[in-house]
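Here is a briefing for a reader who is new to this structure. Please look at the model first, then read the points below.

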Amino acid sequence: MGIRMSGLSSGLDTEAIVGALMSAQSLKKTKIERNKTKLEWTQTKWAELNTKLYKLYTEQVSKMRLQSSYQTKKATVSDPTKANVTAKNDAVNGSYTLEVKNIATTQYLSGAKIKAEAVTDKLVDLDPALLNKEIEITNGDKTTKFEITGNTTIADFTKALQDAGLNASYDTDQQRFFISSKESGLGNAFSISTSGLTAAEVAGREAIRNAVGYDNMSKDNKKIVDEAMQALQKSGVGTDEYNKALDSLAKAAYDTKKTATDSAAAKYVQAKLYSESYATYETKAKDELKSSYYDDAGNLLDGKTEDEYNKAVKAKADEYTTNFVNREMSTNNDVKLQVEAAAFSGKTAAEIQALGGEGINKYYSKDGGAPVIEGFDGTNTFSESGIKAAITSDVENYANITDRNDTLSGSALSALGLADISVDADGNVSVNGGANDSSNTLMPKGMSLVAASDSVILLNGAELTSKSSTVSANGLEIELTGLTKNDGPITFSVSNDVDSVYNSVKSFLKEYNEIMKEMKSLYNAESAKGYEPLTSEQKKAMSDDDVKLWEDKIKGALLRNDSTLGSIMSSMRSAMMSQVTYEGKSYSLASFGIMTSTDYTEGGLLHIYGDTEDAVYADKDDKLKKALAEDPDAVMNVLSGIFENLRTTMSQKMAGSKTSSAMTFYNDITMKDQLKTYEKDIKAWEKKLASMEDAYYKKFTAMEVALAKLQSQQSSLAGLFGGN
């Protein structure tokens, strides 16, 4: 932009003149901006309408075209205190008799009160006879074995029950175990049995566990070992099952030893790096902290002590050294190779201790004692095959044990307030716990047991069972709430749910009418001729309410006589007026009393004649409800066919094309392209107008310069002629 001289010589209001000239030139740009604004409003209006149309399509039309929407059934029960019945669409209409013989129960065991007060209490402290006893828990088709050792606690036993798939807890306030199945029914009943382990079995297990490093294993590897030993109890030496168990044991032992070795190797390199670098970072820490504790002459500052300084230096040096070591361990490939080399070449305890200094103190001191690394003693050159060879003798000995369990005369669980429990296929429960209680069953006094059972009903004389309190049969869901006992059978009937289908049709027509009414209002809106979007200057001259009224007038008429909107309305009306042939006869909505109004101004809205909520047509015959009761198949086939026609029509209207996206009823792609064109044109006009304005100012500036020169010349001539 050049220098602008505004009326210095001419006395003209140059800015006002240029402003007037530019105002005229800006009319074309303003027109484009107004067109862009109206298109954006139109885009918003269509997007809102599209959302409503798509909702009608997905939630109502797509549902009402399905015949299953018209096959709703209902069940009426004579005594809901005994049962609630839900009829599915495939339930057979008719009358039924029902006797409730039993409602499914969950097996529930409440232990007798015992002397333990904490879950950390050891079982052998409650009863030394529990040592080397084995508990077998069968839950459904899953069997879990649990061995009681000298260190087994109440918490361990509770966890074993939970791992077996049961609900189990020990209440320290009540000092009782509470054990139950997670689901009801005979199929979910559980059994608990106990046996004693022979000396050979105990020794064999101990030998294998020591050989594979069981105590240092992860939870997953311990599980592998436990399962392998269970397999060995049945396999015999040399069988496929034996070989598989041996391989599993060797792999679990190898993984455990390798993990320990890798960890120890990493710690060895950590300690080495720490020891080698500590002195450097100690010097750095001393330099950083010295001024905080000593003056320039080397004297301690007031309130500071040498001990505090040394502790601060040690803490800072440790921080710096640790950060360095961690970075090196994670990012330095040479260090990673050192770890790998240490893991496979082996370092003795003596070599590690020889590092001394801060490295050992940082990583290996235990309770002030000698530095150690468990499992890292210079013998870490090993392989899976080598471990397998080392443990084979113990595994063979264990597999060859013939006498593993001692049969107990009673349950070993009596000290825990429990008993052995067995449940046969018919649900018969046997309890063996030693002392008799008042009901003469062999269980500890104070223990109670609720046996698992299936639900049993007689439906029209046929006995049906279920593991839950709900019995499913022939399209019926029967929820049992009480026994019929001596009251005799109850009855229920299944029939078509006329009201449910009627209300579904009514709900659809309500939404259909609402959207048709809105589209008609938009299409027939009053003209907004003469109204254009306001400029910012125009808005400043009006109140906010006036601006809103002005813009609402324009927005309300955006879809007036819109051809796309008119086509959608016409097509939807035609689909709803279509006919469907059923059993050789043509039907329409009118056949079932679904009619348009005699008031043509409604634009084809639909009414159900006889609908009590329709003030105009409530007194008409309700053909729809009558047809649903007398000929539901005709209603189902006709209405689903008509709504399928509507669905097809709407699908076609929102099919994707070059001008519109899929699932869109309007030309959204065309609108987006037009908006881009408007934006491009506006930018071009802004550039053009800026050039025009600059050109005007250049011309006026030139004029001012010329006038200034003329005035200067006139002054010079006047001076020559002696003018004042």
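**Confidence first**

pLDDT stays under 50 over residues 364-378, a stretch with 30 contacts beyond four places in sequence in the model. pLDDT is the predictor's confidence in each residue, from 0 to 100, and contact means heavy atoms within 4.5 Å. Where pLDDT is low, the predicted coordinates should not be read in detail.

This is a predicted model, in which local features need pLDDT of at least 70 and side-chain atom pairs count only at pLDDT 80 or more, while totals for chains, interfaces and linings use all residues. Residues are numbered from 1 along each chain as its sequence is written, and side-chain values use heavy atoms, with hydrogens and water left out.

**Overview**

- The mean pLDDT of the chain is 87, and 90% of its residues reach 70 or more.
- Residues 434-440 also have pLDDT under 50. The model has 11 contacts beyond four places in sequence for residues 434-440.
- The chain has 19 helices and 22 strands. Helices (H or I, at least four residues) and strands (E, at least two) are DSSP runs, numbered from the N terminus.
- Of the 724 residues in the chain, 39% are buried. Buried means under 20% relative accessible area, exposed means over 50%, and partly exposed lies in between (1.4 Å probe, protein chains only).
- Take the contacts in the chain between residues at least 6 apart in sequence: 71% of them join residues at least 24 apart.

**Nonpolar cores**

- A nonpolar core is a set of buried Ala, Val, Leu, Ile, Met, Phe, Trp, Tyr and Cys residues joined through side-chain atoms within 4.5 Å.
- The largest such core has 58 residues. Phe508, Met572, Met576 and Leu624 have the most contacts inside it.
- Elements giving two or more residues to this core include α2 (27-64), α13 (498-523), α16 (563-576) and α19 (668-720). Strands β19 (580-582) and β22 (606-608) are also among them.
- α13 provides the largest share of this core, 11 residues.
- Phe508 is in contact with Leu56, Gln60, Val61, Met64, Met576, Phe643 and Leu646, leaving aside neighbours within four places in sequence.
- Another core, of 31 residues, lies apart from the largest one. Ile137, Ala164, Phe190 and Ile421 are among its residues.

**Helices**

- α19 has 53 residues, which should span 78 Å at 1.5 Å a residue. Its end C-alpha atoms are 78 Å apart, so the two values agree. The expected span is 1.5 Å times one less than the number of residues.
- Buried residues in α19 include Asp668, Tyr678, Trp685, Asp694, Phe700 and Glu704.
- Lys314 sits in helix α8 (residues 306-331). Lys314 counts as partly exposed because its relative accessibility is 45%.
- Lys314 and Lys286 are 28 residues apart along the chain. Their C-alpha atoms are separated by 9.0 Å.

- Two strands pair if DSSP finds at least two bridges between them.
- Seven of the eight residues of strand β9 (residues 190-197) are buried, so β9 is largely enclosed by the rest of the structure.
- Strand β5 (residues 133-139) pairs with β9 in the antiparallel sense over seven bridges. Thr138 has Ser191 in β9 as its bridge partner.
- β9 also runs antiparallel to strand β10 (residues 405-406), joined by two bridges. Gly196 stands opposite Asp406 in β10.

**A hairpin and an open sheet**

- Strand β11 (residues 420-423) and strand β12 (residues 429-432) pair in the antiparallel sense over four bridges. Asp420 stands opposite Asn432 in β12.
- β11 and β12 form a hairpin with five residues between them. In the turn, Gly427 has a positive phi of about 90°.
- Three strands form an open sheet in the order β2-β17-β16, with antiparallel pairing. The edge strands are β2 (83-87) and β16 (470-473), each pairing on one side only.
- β16 pairs with strand β17 (residues 476-480) over four bridges. Val471 has Ile478 in β17 as its bridge partner.

**Ser180**

- Ser180 lies in strand β8 (residues 176-180). Ser180 is buried because its relative accessible area is 9%.
- Ser180 touches Gln107, Tyr108, Leu166, Asn167 and Phe190, not counting residues up to four places away in sequence.
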